[in-house]
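Hi,

Here is the structure you asked for. My notes on a helix pair and the ligand site follow below it.

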Amino acid sequence: MLSNLTAQPQDKILALVGAYQADPRQDKIDLGVGVYKDSTGATPIMRAVKSAEELLWQAQKTKSYVGLAGDPAFSTAMFELVLDGSVAADRLSAVATPGGTGAVRQALELIKIASPNAKVWLSNPTWPNHPSIVNYLGMPLAEYRYFDTETGSVDFEGMLADIKAIPAGDIVLLHGCCHNPTGANLTSEQEDQIITTLAESGAVPFVDIAYQGFGDGLEKDARFTRKIASQLPECLIAASCSKNFGIYRERTGILMAVSESASLQAITQGNMAFLNRQNFSFPPDHGARLVTMILEDQTLRGLWSTELEQTRINMLNLRQQLADELRQRTNSDRFDFLATHRGMFSRLGVSVDTVEILRSDFGIYMVGDSRINIAGLNSHTVPILAHAVSQTIK
Ligand code: LMR
């Protein structure tokens with residue numbers, strides 16, 4: 001039976017991790033997978049997480065099952081963090097999932113049950129695992145324009161035109177903030193136009209929000225998601241705690257559904273719990289419990305949000321430093337967009353060949369589409385990257 005298997009395509013982002021680890025060079029630089037690194041190159045456990053873990057170790061009396069949807073307190077805490085009361089609680093359903101990816105997967109499976117012929121529209125480009133999962137589930141897929149490679153900014157005219165043409169009932173996957181891989185985001189006015197368009201067409205938004213707190217701050221980063229949830233009849237939201245709580249390996253995420261009316265809440269919740277049962281039964285609890293403890297406790301929450309804000313500011317400073325260095329070394333404004341982008345990622349906008357030379361000659365690893373993880377840099381490596389890029393694009 002196993003002899004029937006053929007090799008699966010490699011995940012572009014994860015393949016880089018192995019290649020980087022195998023590289024013996026001491027001065028190599030990893031700008032691949034989206035993991036935050038501090039100035040020493042470490043991915044620290046956040047102070048609030050460490051404290052919550054200590055408290056949990058003292059207080060937890062059992063490891064028995066919690067529930068198919070996870071702890072309801074986690075859902076309540078996440079409703080507050082992501083939606084902040086923008087929707088009546090009786091229209092909300094939620095299940096804890098293994099990470100944000102688990103939430104994306106469960107959302108797509110829910111769509112498949114509810115509306116088997118719905119086409120899923122993804123931004124071009126998007127996180128490579130989005131189309132990968134949609135294809136794996138055998139769902140119809142299409143793309144809407146999103147990015148203008150010339151300017152390094154959102155191709156808003158193209159995006160709006162494409163979204164206007166999406167028929168009622170199709171699904172539009174939108175990045176809540178900090179677009180991955182481009183780092184180029186909508187203005188508040190552009191968000192409003194997208195929402196008006198969706199309201200007119202009846203296409204259903206599905207928001208993936210994996211970087212709340214990494215762009216313009218916890219509240220501003222949730223703005224688009226909150227507007228969608230409050231102004232449109234229904235939506236799905238996949239939220240991740242991997243990045244903003246730094247608990248990557250704990251696999252902590254949540255799928256939320258906003259239903260058109262309270263009368264649909266119980267059936268929605270039931271279907272989501274059913275899907276958890278079919279796919280993995282009970283969701284992981286440890287990370288979700290830490291997040292709940294942090295969000296519910298004023299002191300821990302203060303500690304967490306302060307550290308998250310510092311992380312965000314570090315990334316903004318690195319963006320500015322990189323844009324400045326590149327401006328100086330290339331004597332052009334070609335890379336100025338880096339300073340205005342938000343979140344962990346930006347695409348440098350250099351060719352696949354340049355990406356390859358940066359890896360082979362300089363030991364600098366980035367995704368083939370020239371996506372760099374800003375948080376993989378530090379003030380010492382920014383000039384090294386800028387130098388290498390300026391030499392390579394000559
Ligand atoms: C990324 O885009 O690098 C992250 O979302 C991590 C991942 O799983 O790909």
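Ala48, Val49, Ala52, Glu53, Leu55 and Leu56 in H2 contact His286, Arg289, Leu290, Met293 and Ile294 in H11 (contact: heavy atoms within 4.5 Å). By class, that contact of H2 with H11 has 8 nonpolar, 1 polar and 2 charged residues. Ala, Val, Leu, Ile, Met, Phe, Trp, Tyr, Cys and Pro count as nonpolar, Asp, Glu, Lys and Arg as charged, and the others, Gly among them, as polar.

This is a predicted model: local features need pLDDT of at least 70, side-chain atom pairs count only at pLDDT 80 or more, and totals for chains, interfaces and linings use all residues. Residues are numbered from 1 along each chain as its sequence is written, and side-chain values use heavy atoms, without hydrogens and water.

H2 spans residues 47–59 and H11 residues 286–296; their axes come within 9 Å and cross at roughly 105°. H2 and H11 are therefore roughly perpendicular to each other (65 to 115 degrees). Helices are DSSP runs (H or I, at least four residues), numbered from the N terminus. Axes are lines fitted to C-alpha atoms over the stretch in contact, with angles from 0 to 180 degrees between N-to-C directions.

Now the ligand. Ile13, Val33, Gly34, Trp127, Asn180, Tyr211, Lys243, Phe345 and Arg371 surround it (a heavy atom within 4 Å). This shell has 5 nonpolar, 2 polar and 2 charged residues.

- Gly34, polar backbone atom: 2.7 Å.
- Arg371, polar side-chain atom: 2.8 Å.
- Tyr211, side-chain N or O atom: 3.3 Å.

Best wishes

Definitions and conventions: Helices (H or I, at least four residues) and strands (E, at least two) are DSSP runs, numbered from the N terminus. Angles under 35 degrees count as roughly parallel, over 145 as roughly antiparallel, 65 to 115 as roughly perpendicular and the rest as oblique. A polar contact is a pair of N or O atoms within 3.5 Å; within protein, one must be able to donate a hydrogen and the other to accept it, and residues adjacent in sequence count only if both atoms are side-chain atoms.
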